[in-house]
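Please look through the chain below before reading on. The text then takes up its parts in turn.

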Amino acid sequence: MHRLDQDQRTHDLDRMRAETFDVVVVGGGVTGAGVALDAATRGLSVALVEQRDFAAGTSSRSSKLFHGGVRYLEQLEFSLVTEALHERNLMLSRLCPHLARPVSFLYPLTHRVWERAYVGAGIGLYDILAAFGANPLPHHRHLSKRSIRALVPSLRDDVHVGGIRYWDAQVDDARHTMSVVRTAAHYGAAVASSVRVVGMRRTGQAGHVDGVDVLDVESGEPFTIGARQVVNATGVWTDHIQDMAGGSTLRVRASKGVHLVIPRDRIRSDTGLIFRTPTSVLFVIPWGSHWLVGTTDTDWNLDLAHPAASATDLDYLLTQANQYLSPALTRDDIVGVYAGLRPLLHGESDSTSKLSREHAVRTVVPGLITVAGGKYTTYRVMAADAVDAVVDALGHGPASCTEQIPLVGAVGWEAVRNRRDELSASSGLPAERVEHLLGRFGAETPILVDLVRNDPTLGAPLPGTDDYLGVEIRFAVSHEGALHLDDVLTRRTRLSIESPDRGVSAAPVAARIMGGVLGWDDATTEAEVESYRTRVAAELDSQWATDDRTADARRLGADDVRTRRSL
Ligand SMILES: Cc1cc2nc3c(=O)[nH]c(=O)nc-3n(C[C@H](O)[C@H](O)[C@H](O)COP(=O)(O)OP(=O)(O)OC[C@H]3O[C@@H](n4cnc5c(N)ncnc54)[C@H](O)[C@@H]3O)c2cc1C
């Protein structure tokens, strides 16, 4: 499969300067990546540009669930739920079985009769809707109070009379998005991160968009990419791109969602949990050796690239979780925090949690199509709808085939998994480390194992973590398009939220490994480390602010490593 490295980036930037593409996709989140893959696999010529790192926006900051959304059933959104469950099942069985994992949730009941009947009927319907596709997950189960005591010792005894356990799926969203980008590149898309769209080219009386003006944030070089159609897949930045073209058919509003990352031993449970909150639901999601606890749902009108979590967000989540958990969680239990922005289509309601999760595709002005809204789980459907609009405008092109296209690392991964003992023995990597690599790199795991065979130092865990190995940093640069330290500590690995020091002690080692591949001199290596440290300090500082405005100001005390370069 296609490598995203320095040579590929140079080559693809040359293509972008020289070719006129059938479609230029703006935005390297899961939606834009999905559009690029859909278009490339229909035989269209495609360029994909992302202003920062792939998945640097919302697509690395979600609850990381491939799910139908049980709570949307209450809003009677049956078709939305059915569609999402179909996608969930597709991810688990065909598109990325190495990345997607089953995860169960317990919904505790507080009323013996009516609630069990009401919620039981809802979750039963969820399983029935899932069965319209081949559902690889177990069906829900009703549990007694006694069996819940054994399953979730940390659930307070006085808050439930029993419960219902059901199944969904989870994925590392940033890794998944990057895999979609790589798969698109494999099918011929020219892709580049650190390329920001700064303007639209329009010609003729109708003002048809026929290209985008961009800035290569790494070199500072501006250039233009020719396009027959442009797809705006920029999530919460949708309005900005539309404004560049002087059109505004869709308006997108940002709603902030914060998650806490808590070590696994602080909550004793063999299942995830879902609780009702006054405005929405709270998830407690098993996440490797941690739990994710989230989320909030509040309007956000400040910096879009670095949404900041405030002390108020943290306290809200702890308070909600502690209504159900014992012993209670405290701030000292938090090892990581992240905030993301939901791209919500403007709706009638004032409450962000009630705005539509459905997506929309619109032609903004001739040549510019916006795809917005939706949710992570349905990115493939959103992409297919957007490319249908492209094909309509171009007047040619076949139907979407991405339902049949496995992502990089998926094909043959079971066969590689069956060789795990041999891979472990030949490389000296313990079996559990090979297992860890298989769940992140799938069929590409032997490439990482070979790298360790050639340089055993890469088989060591990075400082401050037991979960990630040096070789993952090496591979992130040689295959996964990582350009900066932040890319590898925040998205290719999750050290920035999973290690108590937020990845600061791993930073110099990771920077040296990156620098070895990218040819960094000492000054560049040190600048990358310093930039990362400053970012972590600003983030920690912002989490003591009680209001969004102060949290935002403190977070912006640290420049983005890419912004700094483009100034
Ligand atoms: C807290 C939270 C939890 C969620 N949990 C779930 C979940 O569990 N399951 C689920 O299905 N969905 C979930 N969602 C929703 C889901 O994460 C989003 O719908 C999805 O990630 C949006 O992806 P996107 O590609 O549209 O936007 P983004 O990921 O934000 O991508 C847009 C990209 O466009 C780039 N861009 C912007 N301007 C420019 C420019 N000028 N030039 C070049 N590039 C540009 C940005 O840098 C960004 O990377 C959650 C959302 C939040 C906030």
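The paragraphs below go through the domains, the ligand shell, the core and one tyrosine.

The model is predicted: local features need pLDDT of at least 70, side-chain atom pairs count only at pLDDT 80 or more, and totals for chains, interfaces and linings use all residues. Residue numbers start from 1 along each chain as its sequence is written.

An automatic or database domain assignment supplies the domain bounds. For the protein chain, this assignment gives domain 1 (6–59 + 174–251 + 355–404), domain 2 (101–169 + 253–353) and domain 3 (413–555). The centres of domain 2 and domain 3, taken over C-alpha atoms, are separated by 28 Å. Between these two domains, 17 residues of domain 2 are in contact with 17 residues of domain 3, where contact requires C-beta atoms, placed from the backbone, to lie within 7 Å. On the side of domain 2 that touches domain 3, helix 9 (311–322) and strand 16 each supply at least two residues. Helices (H or I, at least four residues) and strands (E, at least two) are DSSP runs, numbered from the N terminus. This side of domain 2 has nine nonpolar, seven polar and one charged residues; Ala, Val, Leu, Ile, Met, Phe, Trp, Tyr, Cys and Pro count as nonpolar, Asp, Glu, Lys and Arg as charged, and the others, Gly among them, as polar.

Altogether 38 residues surround the ligand, the closest being G27, G29, G57, G235 and G257; a residue is near the ligand if its C-beta atom, placed from the backbone, lies within 6 Å of it. By class, the shell has 12 nonpolar, 19 polar and seven charged residues. Domain 1 and domain 2 each provide at least three residues of the shell.

The largest nonpolar core has 170 residues, and A36, V46, L48, A184, V231 and A510 are those with the most contacts inside it. Helix 10 (residues 379–394) gives the most to this core, with nine residues. Such a core is a set of buried Ala, Val, Leu, Ile, Met, Phe, Trp, Tyr and Cys residues joined through C-beta atoms within 7 Å. Leaving aside neighbours within four places in sequence, A36 is in contact with V25, V46, L48, V181, A184, A189 and V191.

Y118 lies in helix 5 (residues 114–130). Y118 is partly exposed because 13 other C-beta atoms lie within 10 Å; buried requires 20 or more such atoms, exposed 12 or fewer, and partly exposed falls in between, with C-beta atoms placed from the backbone.
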